[in-house]
Amino acid sequence: MYNININNSPFEKKFKRDIKKLRTSHPTEQDKHLFLDLVNTYMLTSNHFNLFEKIISYRFDEITAMLPITTRKGNLYTTFTCIAAQSINGVTPLPMLPSLFFLIEKTAIFFFDDILSCWAEFRVYQLTDKAERDFLAHDTRHSYTYEYSEESDGYGYEVVDNIKDDHRLFSTCYSNIPMRLSLANVLINLETFVKQQHWYEMLYYLDVSANGEHFIMYQKQQGGYSPLLLSSALIQRWGQHNNWLTFEHFFQTENWTLTLSNEKIQTLEKSGVFSNALTSKINTTSIERFDYSLLKTIKQKNAVCEIIRMAISGPQIKLNYILYLTLKYLTVKLADIGLEVAYTIVEQPSILNFYCSVNDDSIKTLPYVSLCEQKVEGTDLTTYQGLVFTGPMSQTFKLCSFRDYNKRIIRMRKQKKTSTRA
């Protein structure tokens, strides 16, 4: 596919006029939508479907070149919101890129404050447009089944082999258009990880959220509406371990600190999933060497997976309850299908406090083993890489009500505060 040169063309002149009309002193949501319409039309006309990627790559290089060499390289969000970025983005030209790119960047900043937010909104725009077209063409004569259990109070949960092939319709909290599971899942990932948590790197890999094996949880709705998709998580089994996020470069730099102990090593050995005499088989000279040496000690490869992209959505007042149900049903389901060990990357304090509380009450082995940690730049948060042993953890969840879950978290929070003061 070739890019089409439209410089100084009637299209470019009209595009500039239309942009000028939209840039009023009091922009509305409709103005924003019309701008995204114009960007979409420009892409279709010029074949510049990667214009956001090109603008962001160009600016990222410019910004990082201005920063001191000693400055730690941040993610897209921290880079594009730093002081140096303010004198570059939408200010200096983009001489190596098509002429309209600079106008699009300036207008994106005008409407959405920065180019990253605009890119995220544009992906939502594209997704909902596709969902609307799919819904109009949907065969309403076909009846689909959803898995509700008697004790789940209207909540359903299951593991779907490949969400790309699932034709059932789901509602979301972010759109009034029912959409296929893969689209609904991408939308939830966009709204939670990208727009709320500013994980803009995910925009390069959204197709991961539209494919593969996923745990999903949803809620029955009244009036014949499609179930409300509340949460999901990507399950990557051993056959995909070369693609595990755990082994990406970002999670193996010197910024991470190993948190091993004899108790943790004994837990790994007692699980039966890892080899015995682990101390002599693992290399602790770096995170990368440790990760790969531990991987080589896995005996039961079919019992191991990685869980990533656990997205939680729903009414704000119910998010904590939805998180509890998601953790509970996900852990129980993994144990049921024989996935005994789950690699996880967690930074949410409530989850970590619950896991630590369960470990404190454990007599034989630790249901959760943290392997390494990293302080999140610019926040008070710490990210942990670790392993969840789904058997003992699911047994705890089965006996743990939502009230018990919250009590555990509060108790652990108080313990940590006390130890910090001491």
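## A pair within helix 1

K14 and D18 both sit in helix 1 (residues 10-22), and because they are 4 residues apart there, about one helical turn separates them. In this predicted model, the two residues form a salt bridge, with their closest N and O atoms 2.9 Å apart.

The two partners are worth a look for their surroundings too. K14 is partly exposed, at a relative accessible area of 45%, whereas D18 is buried, at 16%.

## A pair within helix 7

Let's move on to helix 7 (residues 115-136), where D129 and R133 are also 4 residues apart, so about one helical turn lies between them. Their side chains meet in a salt bridge, at 3.2 Å from N to O.

Here D129 is partly exposed, with a relative accessible area of 34%. R133 counts as partly exposed as well, at 49% relative accessibility.

## A link between two helices

Next comes a salt bridge between R408 and D361, whose closest N and O atoms are 2.9 Å apart. R408 belongs to helix 14 (residues 402-421) and D361 to helix 12 (residues 349-361), so this pair ties together parts that are 47 residues apart in sequence.

R408 is buried, with a relative accessible area of 17%, while D361 is partly exposed at 42%.

## A network and the overall count

Some salt bridges share partners: R59, E62 and E105 are joined into one network in this way. Across the whole structure, a search finds 14 salt bridges, including the K14–D18 pair, the D129–R133 pair and the R408–D361 pair.

Note on methods: Residues are numbered from 1 along each chain as its sequence is written. This is a predicted model: local features need pLDDT of at least 70, side-chain atom pairs count only at pLDDT 80 or more; totals for chains, interfaces and linings use all residues. Side-chain values use heavy atoms; hydrogens and water are left out. A salt bridge is a side-chain nitrogen of Lys or Arg within 4 Å of a carboxyl oxygen of Asp or Glu. Buried means under 20% relative accessible area, exposed over 50%, partly exposed in between (1.4 Å probe, protein chains only).
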